[in-house]
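Please open the structure in your viewer and keep the selection panel at hand.

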Number of protein chains: 2
Amino acid sequence: MKLNGQEPTKSECNASLNYIADAMYVIGGKWKLRIIVSLTEGAKRFNELQRIVDGISAKVLSAELKDLELNGFIKRNIYTTTPVTVEYQLTDYSDSLQDVLQALSAWGQMHRDNIKKSMKAPATV
Amino acid sequence: MKLNGQEPTKSECNASLNYIADAMYVIGGKWKLRIIVSLTEGAKRFNELQRIVDGISAKVLSAELKDLELNGFIKRNIYTTTPVTVEYQLTDYSDSLQDVLQALSAWGQMHRDNIKKSMKAPATV
């Protein structure tokens, strides 16, 4: 496999390994990127988010939001309405994930089509 | 945030959300991409892999390798030496992850630099 258009040297490969480990540490896991994508349309309240991110529990969503806030991807806007309204919004920093999200989305689509094709193909010959 | 260069519509956003969820389901988690990157240099034996992928236990590595094989990313080559040699090798299909790996690697590098910078900056003003 090539990284940056040419075969990687051993140390390039190690560096790349570390960077990818870093990235997966921060945005890996089942939910984080899904929460970020859900917020691309605009700020959302907790309950809205829980409805969109199918299958996430309130406890896990709460922990993931805290993590995302800590890492600078989202901010919490508190409006002094009665009752208080809290909305979660993407920060400019989360824009830096655009290439990652596009690559993952394209790959996920390709992989899904691939699986569909292999399921339609005759099982054996 | 923009996907494909323009603001996404609601349904595009949902589709993208599903594709990303698919992708994270298959290659998410702490180890899978790291194992794949480790194999970019060439086929490796189990013990070599465990040394390169720092911190992984034999049990988890074994489970992850099975998963990766099932999803078509790697194949197991068995050589009838004495004792038998088993090597793990990337398939052509794993090349499809190139864009994802590059995007993640670039982002991880940027994020690391960013954290370093913010640690060097004066704590408060």
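Begin by selecting chain A, where 40% of the 125 residues count as buried. The model on the screen is predicted. For chain A the average pLDDT is 85, and 86% of the residues score at least 70. For the complex, the predictor gives an ipTM of 0.78 and a pTM of 0.77.

**First stop: the fold of chain A**

Chain A has five helices and two strands. Trace the chain along its sequence, and the pattern reads α-α-α-α-β-β-α. Next, consider the contacts in chain A with a separation of 6 or more: residues 24 or more positions apart account for 41% of them.

**Second stop: the two copies**

Display chain A and chain B together. How is chain A laid on chain B? A turn of 180° with a shift of 0.0 Å along the axis does so, and the RMSD is 0.0 Å. The two chains therefore show the relation of a two-fold axis. To find this axis in the viewer, select A:Gly29: in chain A, its C-alpha is the one nearest the axis, at 2.6 Å. Both copies use the same surface, since 98% of the contact residues of chain A recur in chain B.

Select A:Phe73, A:Tyr93 and B:Trp107 and show their side chains. These residues form one aromatic cluster, with members from chain A and from chain B. Over all chains, the structure holds six aromatic pairs.

Finally, select B:Ser94. Where in chain B is this residue found? B:Ser94 lies in the loop between strand S2 (85-90) and helix H5 (98-120). Is B:Ser94 buried or exposed? B:Ser94 has a relative accessible area of 0%, and it therefore counts as buried, the cut-off being under 20%. Show the side chain of B:Ser94 together with the backbone of B:Thr91. The side chain of B:Ser94 reaches the backbone oxygen of B:Thr91 at 2.7 Å.

Note on methods: Residues numbered from 1 in each chain as written. Chains lettered and ligands numbered in written order. Predicted model: local features only at pLDDT ≥ 70, side-chain atom pairs only at ≥ 80, totals over all residues. Heavy atoms only, no water. Helix = DSSP H or I, 4+ residues; strand = E, 2+ residues; numbered from the N terminus. Buried < 20%, exposed > 50% of the residue type's maximum accessible area, 1.4 Å probe, protein only. Polar contact = N/O pair within 3.5 Å; in protein donor to acceptor, adjacent residues only side chain to side chain. Least-squares fit on C-alpha atoms with pLDDT ≥ 70 in both. Contact = heavy atoms within 4.5 Å. Phe/Tyr/Trp six-rings, centres within 6.5 Å; stacked < 30°, edge-to-face > 60°. pLDDT = per-residue confidence, 0-100.
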